[in-house]
Amino acid sequence: MVSLGILVTNLLQEEAYFCAIAKASLTNCAKIYLFLPSDTDLIRKIAKGKSYCQITNTWKDATFPLPTFIYDRCFYEDEAVYRKHFPFVTWLKSQPNIYFLGHGLPNKWIVHNLLNNDPIISFFLPNTKILTNSTEVFSMLARHSTILLKPVSGSQGKGIFILAHKNKIITLTTKKNGKTYNKQLTKMEVKQLIYKVLKQRKYLLQPFLQLTNNEQRPFDIRIFLQKNKDGKWTEIGRGIRTGKIGDYTSNLSSGGEVACYKDWLDLLPIDAWQPLQHNLSTLIKRIPTTLEREGYKLFEIGLDFGFDTNGKLWLLEVNSKPGRKVVTTNFPEMNDVLAKAPILYCLYLDAKRKGVGV
């Protein structure tokens, strides 16, 4: 029986998903554990967390040997959480007898540059620069009138700033306490803003893409990919994520909604959806293999695409710890597949390391 540890920063996160995995383990010869990275004893090589009891079908407090396989679902909400847990994750990854289902991806800037080296993928990437000073902001504003600043490391649309320059007025759009906030800035205030944000973290600079539907709501296409029991990439599902009117992101954590991809596609004219389908098919095959060729071990990824008002497809982000709401909402029949996938891939890796049937 293989042991699979689910690594988290909060024992209560994704409860339904982890319970489903644990229940699926009953018929797939796997022992499931749940623990925080910081609850690892590096000397004794044991961990303290939860063990799923196959008799009572409940999680129980337990101390156990470090699992052979680890499914990393750690989300670092802030710097303090990162500093507390990440050193332990790094140590676990360094152990020769511990196997992560996927090692995840580095920050957005590194991923952008890796993908930008591919001549086909690069066509679908927005012009992106690492932000170093306010001069770059004013230069891009002069060319594009509206620009986007987003953290190199971050998720759920947090920390994003939009600057628009029109009629000699610069307008800042961001979020405060979850609500969209607008303010007019002078050039000096823009310089002060850039200085302040760069003291806190690294940022990327991009032209702001017009990614809204006919209701003027921001939207994107999320495609969820996973490796199957044979270690092959498989598309699990795709859908449309739509934000609120007046918002600038479609993140579900910010109040976005999930819609059916096919319903959206049916509204497009045939001369728009045929190249779109072709390009998506090409990219979902090319992106994972390109990243893995660069040495990044992956188990699952969420690909986020934008489709602008001119019919241009954009690759917005590659997420190595994607959520599942797009799949579970549009394809509830896939819940069982999602629950079994980490275990089946774990068994594939186990057979591979033993040289049995792989």
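Q: What makes strand β7 and β12 a pair, and in which sense do they run?
A: The model is predicted. Two strands pair if there are at least two bridges between them. Strand β7, residues 129-130, has two bridges to β12, and the sense is antiparallel. At one of the facing positions, Lys-129 stands opposite Leu-205 in β12.

Q: How do you know that strand β8 and β12 pair?
A: The requirement is at least two bridges, and β8 (residues 146-151) has five bridges to β12, in the antiparallel sense. Lys-150 has Leu-204 of β12 as its bridge partner.

Q: Why is strand β12 called largely enclosed by the rest of the structure?
A: Five of the five residues in β12, which covers residues 203-207, are buried, so the strand is largely enclosed. Tyr-203, Leu-205 and Pro-207 point one way, Leu-204 and Gln-206 point the other way, and all are buried.

Q: Why is Gln-13 called buried?
A: Buried means under 20% relative accessible area. Gln-13 has 13%, so Gln-13 is buried. Its place is in the loop between β1 (2-7) and α1 (15-24). Gln-13 touches Val-8, Phe-18, Arg-73 and Phe-75, leaving out residues up to four places away in sequence.

Q: What makes the approach of the Gln-13 and Glu-14 side chains a polar contact?
A: The limit is 3.5 Å between N or O atoms. The two side chains come to 3.3 Å, and the contact counts.

Q: Why is the pair of Tyr-33 and Phe-64 called stacked?
A: Ring centres must lie within 6.5 Å, and planes under 30 degrees apart count as stacked. The centres here are 4.1 Å apart and the planes are at 25°, so the pair is stacked. Tyr-33 belongs to strand β2 (residues 30-41) and Phe-64 to strand β4 (residues 58-65); the pair links distant parts of the chain, 31 residues apart. Tyr-33 and Phe-64 are buried.

Q: What makes the pair of Tyr-52 and Trp-59 edge-to-face?
A: An angle over 60 degrees is needed. The angle between the planes is 75°, with 5.1 Å centre to centre.

Q: Are Tyr-52 and Trp-59 buried or partly exposed?
A: Tyr-52 has 2% relative accessibility, so Tyr-52 counts as buried. Trp-59 has a relative accessible area of 22%, and is therefore partly exposed.

Q: How many aromatic pairs does the rule give, and which residues do ring pairs link into a cluster?
A: The count is 17 aromatic pairs. The cluster links Tyr-17, Phe-18, Tyr-71, Phe-299, Tyr-345 and Tyr-348.

Q: How do you know that the charged end of Lys-312 sits over the ring of Trp-314?
A: The distance limit to the ring centre is 6 Å. The charged end of Lys-312 sits over the Trp-314 ring at 4.9 Å from its centre. Lys-187 likewise has its charged end over the ring of Phe-138, 5.5 Å from the centre.

Q: Which residues have the most contacts inside the largest nonpolar core?
A: They are Trp-264, Ile-287 and Phe-305, in a core of 30 residues. Helix α7 gives the most to this core, with six residues. Trp-264 touches Phe-219, Ile-221, Ile-240, Leu-276 and Phe-307, not counting residues up to four places away in sequence. Another core, of 25 residues, lies apart and includes Leu-4, Phe-69, Leu-101 and Tyr-348.

Technical notes: Residues numbered from 1 in each chain as written. Predicted model: local features only at pLDDT ≥ 70, side-chain atom pairs only at ≥ 80, totals over all residues. Heavy atoms only, no water. Buried < 20%, exposed > 50% of the residue type's maximum accessible area, 1.4 Å probe, protein only. Helix = DSSP H or I, 4+ residues; strand = E, 2+ residues; numbered from the N terminus. Core = buried A, V, L, I, M, F, W, Y, C linked by side-chain atoms within 4.5 Å. Contact = heavy atoms within 4.5 Å. Phe/Tyr/Trp six-rings, centres within 6.5 Å; stacked < 30°, edge-to-face > 60°. Lys NZ or Arg CZ within 6 Å of the ring centre and 35° of its normal. Polar contact = N/O pair within 3.5 Å; in protein donor to acceptor, adjacent residues only side chain to side chain.
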